[in-house]
Amino acid sequence: MTFKSMAAALAAAACALAATSLQAQAPAKEQFFPSLVYRTGAYAPNGVPFANGFADYFKLVNARGGINGVKIVSEECETGYATDKGVECYERLKARHGGATVFQPLSTGITLALTEKVPTDKIPLLTPGYGISGSQDGLVYKWNFPIAGHYWVAADVLIQHLAKKEGGFDKLRGKKITLIYHDSPYGKEPIPLLQERAKMHGFELGLIPVTHPGVEQKSAWLQVRQNRPDYVLLWGWGVMNSTALKEAQATGYPREKMYGVWWAGAEPDVKDVGEGAKGYNALALQHGAEPNAKVVQDVLKTLHDKDQGTGPREEVGSVLYMRGLMSAMLGVEGVRRAQERYGRGKVMSGEQARWGFENLALDQKRLDALGFAGVMRPLSTSCADHMGVAWARVHTWDGQKWVFSSDWLQADEMIIKPMARAAADKYATDKKITRRTPEECQS
Amino acid sequence: MFYRENGQFKTSYRADQQIFPVRQDRIAVLVLLALAFIAVPLLASEYLLRAVGIPFLILSLAALGLNLLVGYCGQVSLGSGGFMAVGAYTAYNVFVRLPGVPLVVALLLGGLGATAVGLLFGLPSLRIKGLYLAVATLAAQFFIDWAFLRIPWFTHGSSSGSVNVSGLTVLGLPIETPVQKYLFCLALVAVFALAARNLVRGHIGRAWMAMRDMDVAAAVIGIRPVHAKLSAFAVSSFFVGVAGALWGFVHLGSWEPAAFNIDRSFQLLFMVIIGGLGSVAGSFFGAAFIVVLPIVLDQAPAWLGLPMSTALSSHLTLMVFGALIVFFLIVEPHGLARLWSTAREKLRLWPFPH
Amino acid sequence: MGFLLETLLGGLMAGMLYSLIALGFVLIFKASGVFNFAQGAMVLFAALAMARFAQWLPLWLGIESRMLANTLAFVLALGVMVAVAWAVERLVLRHLVNQEPITLLMATLGIAYFLDGAGQTVFGSDIYKIDLGLPKDPLLLWPRVFEGGVLVTPEDLIAAAVAAVLVALLALFFQKTATGRSLRAVADDPQAAQSIGIGLSGIWVIVWSIAGGVALVTGVIWGSKLGVQFSLSLVALKALPVVILGGLTSVPGAIVGGLIVGVGEKLSEIYLGPHIGGGIEIWFAYVLALAVLLVRPQGLFGEKIIDRV
């Protein structure tokens with residue numbers, strides 16, 4: 001047998017093996033939470049801590065007995081922040097282990113693609129802190145849940161904070177605010193709200209896009225130097241964030257005037273810039289870096305002390321790790337709520353979990369019991385409001401760690417709600433979806 | 001013993017010039033088509049169709065288009081991802097702005113849009129050759145990437161830059177389930193493959209091959225280089241554009257310009273090289289290889305029972321992919337199509353060794 | 001006026017960095033006729049090696065001095081790149097002698113994917129720091145002549161100086177040493193070179209090692225500016241228009257091309273960009289190169305392509 005024919009035979013065998021094995025598994029008795037992660041590629045530095053926090057929370061819940069006795073099983077799939085890989089992961093995982101309960105894509109691009117598919121597959125999409133801003137309108141977006149906030153909330157809170165700093169909204173007139181954004185659906189999301197606020201208060205909004213992956217920012221920052229805006233808003237992800245800070249340092253733009261969204265305000269973004277990032281501010285999606293939170297202590301005690309943690313111990317409590325914990329917690333609490341209606345101790349289907357997400361009520365008592373006291377504010381979702389809470393605060397990097405530097409600010413629903421409704425209505429017209437009535441919500 | 005032409009006499013030029021002159025070939029192709037149209041939808045799981053079948057068909061159409069340009073006409077193009085994007089967005093704009101237009105017409109118009117852009121970016125090939133042309137076509141890729149990100153008219157005013165289509169129907173039949181999508185793509189690809197096969201058998205294909213082998217000599221004997229090169233770009237872009245429209249409409253449903261970025265161009269070029277330059281069947285082999293391989297590599301650790309983090313698995317996939325590409329190029333630089341035709345030659349003599 | 005000068009200087013600096021990457025391409029193409037698409041992956045691999053060794057060596061050997069750790073890490077990383085060059089020659093190039101350029105190009109793409117995966121497996125996918133002790137804060141020159149001064153980044157100045165020194169060294173190497181002459185002989189006519197006794201495999205290992213060394217220097221400079229992470233390999237895509245603008249076979253072409261592309265990019269992004277929405281950097285260089293090729297199909301300094309029938 002020649003080398004070539006052996007290689008051909010091997011390839012054929014592999015293909016046969018592939019064909020037989022690419023089938024769905026038999027249903028199991030556990031609640032399946034798929035985990036779409038990116039541990040490789042240009043966005044890995046930010047994706048890894050999130051994925052570790054996500055995985056650790058499920059392990060913690062299992063160590064405490066699961067969701068009323070139902071154990072959680074989780075499987076990771078690498079998307080590399082690419083939409084087509086994300087869709088492929090979705091297709092592969094949606095029917096495994098008895099059916100996926102909820103998907104959290106951690107990418108606005110993948111969210112947009114999956115929003116088309118989940119109504120048919122009946123799996124809810126949880127997008128805490130990202131996703132489609134219009135999806136807070138649950139009467140149109142039945143399956144999307146941007147719990148804890150979306151980008152219009154983020155942009156609104158930032159403008160409110162800046163106004164507060166200046167001494168009032170009227171002081172914003174004539175100021176220049178530039179948005180440096182990742183040239184993708186994620187980066188473009190806040191623009192409509194910023195334009196609305198610019199119209200309302202008379203500040204000049206500059207828009208500078210940065211192409212993926214965002215390592216080429218010299219021209220962007222030379223433009224910033226030319227225009228000398230009063231504030232720069234950073235809507236970056238992955239390597240783009242640290243590059244922005246390095247270029248800001250290289251062009252001498254004061255970091256104190258830079259404000260990042262909650263995806264541009266974590267340790268990987270500032271660590272290797274170190275002192276050069278001192279004074280940089282970013283939004284905190286409810287939580288910041290919380291090394292003292294009770295849930296962090298629980299994770300360390302239950303998992304890391306027994307060498308069962310995902311990822312390094314030093315990472316526990318960092319900003320994106322907490323984001324992962326929080327996102328997983330929201331997923332679990334939604335299922336727990338669904339169990340209250342559909343049967344305690346039973347495995348919930350995607351549809352049942354969807355009801356749970358729509359009727360989530362996490363009050364302070366419950367948050368304390370979960371160990372999130374001081375980390376999050378109480379939230380409650382409803383049929384019409386899939387967001388649940390619209391508060392955020394600002395934290396600043398002091399060279400060593402993130403420190404909260406503002407009070408809680410609430411996004412102005414008077415502005416956001418009509419915009420969200422208009423966006424949802426446009427989506428409903430395009431897709432020929434009828435807006436749900438309150439009566440339908442009771443089902 | 002089985003694959004001999006004994007006893008098959010051609011009594012007319014027409015019979016001699018037919019597309020599959022050997023009867024066994026005709027039977028084989030009919031059996032293949034029957035399997036593809038009937039057996040696969042019945043036997044394959046929904047996941048297999050969605051993750052392997054449909055991407056394979058659409059990408060093999062794109063690879064076919066690229067093969068016409070690179071393999072038959074010798075013009076290396078790294079901008080095929082961009083042409084797919086043009087096809088997808090043109091078809092999208094027709095579909096959304098002119099609601100009465102049937103789906104197939106929209107897809108074909110997408111192809112025509114890609115043809116126009118392909119002709120434009122093919123003009124440099126009249127002056128630039130070889131590797132210089134390859135890198136120059138990257139200008140098309142990046143410019144098209146940028147245009148669809150920046151110009152809101154192309155995305156029908158979508159604020160996020162992402163577009164989606166739904167409610168696809170052909171002659172009143174819906175194209176919703178994987179089986180329907182698969183059959184729709186299969187029908188289109190079969191027609192296009194037949195068209196490609198006939199094109200390369202005809203005088204235009206011969207003109208392309210003459211340009212590829214020795215363009216100066218071809219010009220000397222009267223083949224017009226402008227005509228040959230631009231027609232190659234035009235036909236190739238049409239195929240690639242229709243493939244792009246199918247990719248967006250049927251496979252993705254919702255897409256952003258990043259779906260057609262430079263990685264897609266490289267992927268198509270890999271398909272063409274691994275499958276075999278200058279071969280219609282080669283495009284299909286290459287597409288099958290490139291579509292199936294990453295999925296197999298991703299899931300191999302699970303089958304082998306090795307617990308592996310997704311990061312390591314991803315990295316290993318990259319490494320194995322790269323190594324396999326190099327391996328294939330060393331072992332058979334003319335691609336899988338050459339392996340196949342060697343196998344057929346052996347089959348003609350079987351059971352005799354020579 | 002001051003801002004225009006800043007933009008020009010910034011463009012020239014960026015251009016020098018592109019030239020560094022382009023240099024690697026040109027070296028390999030000159031000596032082995034292979035268009036090395038893996039150059040970006042090599043830059044990343046080299047930078048990762050340097051960054052991680054600089055982190056690990058103090059732990060393994062207990063070194064305190066940053067300078068010593070960096071120097072040792074550099075030497076180790078250089079060794080790694082020579083090993084990579086040897087492996088590439090042995091496993092890939094030797095078997096692909098005389099194949100068509102497109103096949104070789106695809107093979108280098110395969111090598112690129114392999115190096116990407118291997119680099120991240122061995123060294124990790126986080127952002128790593130290369131700390132050369134370079135000043136990060138900007139300098140403002142001539143504040144009296146231009147209002148506010150002209151902004152110059154010292155890091156970029158040093159990078160440009162290093163690039164210039166590297167080019168000078170390479171030029172000396174090619175002109176004055178015996179190995180350099182052998183390399184030029186192989187670039188001119190491989191068969192003639194073989195017939196007078198120059199071993200091709202050895203030459204290829206040397207060329208790829210030198211390209212690997214250039215990749216290492218490039219990786220260190222880019223890495224200290226931007227941090228070493230996977231996206232560094234994508235910067236190589238910026239160097240492609242430089243290579244074809246300058247001509248695939250010309251070292252001065254790589255430099256001049258780099259400067260032109262760097263300046264062109266920055267000027268277009270800042271003066272043209274805002275009018276058409278921004279983000280045009282990515283394709284401007286390519287369109288510029290395309291325009292030049294239409295006038296001179298072999299690039300500015302490349303060898304004229306002569307078709308033989």
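**Legends: the contact between chain A and chain B**

**View 1. The two sides of the contact.** In this predicted model, 35 residues of chain A and 33 residues of chain B form the contact, where contact means heavy atoms within 4.5 Å. About 3100 Å² is buried between chain A and chain B, and carbon and sulfur atoms give 57% of this area. Buried area is the accessible area (1.4 Å probe) that two parts lose on being put together, summed over both.

**View 2. A salt bridge across the interface.** Between chain A and chain B the count is 4 salt bridges, each a side-chain nitrogen of Lys or Arg within 4 Å of a carboxyl oxygen of Asp or Glu. One of them joins the side chains of Asp183(A) and Arg150(B), at 2.5 Å from N to O.

**View 3. Elements on the side of chain A.** The elements of chain A that give two or more residues to the side touching chain B are helix 1 (3-21), strand 2 (72-78), helix 3 (83-93), helix 4 (108-121) and helix 6 (185-188). Helix 1 of chain A supplies the largest share, 7 residues. Helices (H or I, at least four residues) and strands (E, at least two) are DSSP runs, numbered from the N terminus.

**View 4. The fold of chain B.** Chain B contains 14 helices and 4 strands. Its C-alpha trace spans about 65 × 60 × 45 Å along the principal axes.

**Notes.** Residues are numbered from 1 along each chain as its sequence is written, and chains are lettered from A in the order in which they are written. Local features need pLDDT of at least 70, side-chain atom pairs count only at pLDDT 80 or more, totals for chains, interfaces and linings use all residues, and side-chain values use heavy atoms, with hydrogens and water left out.
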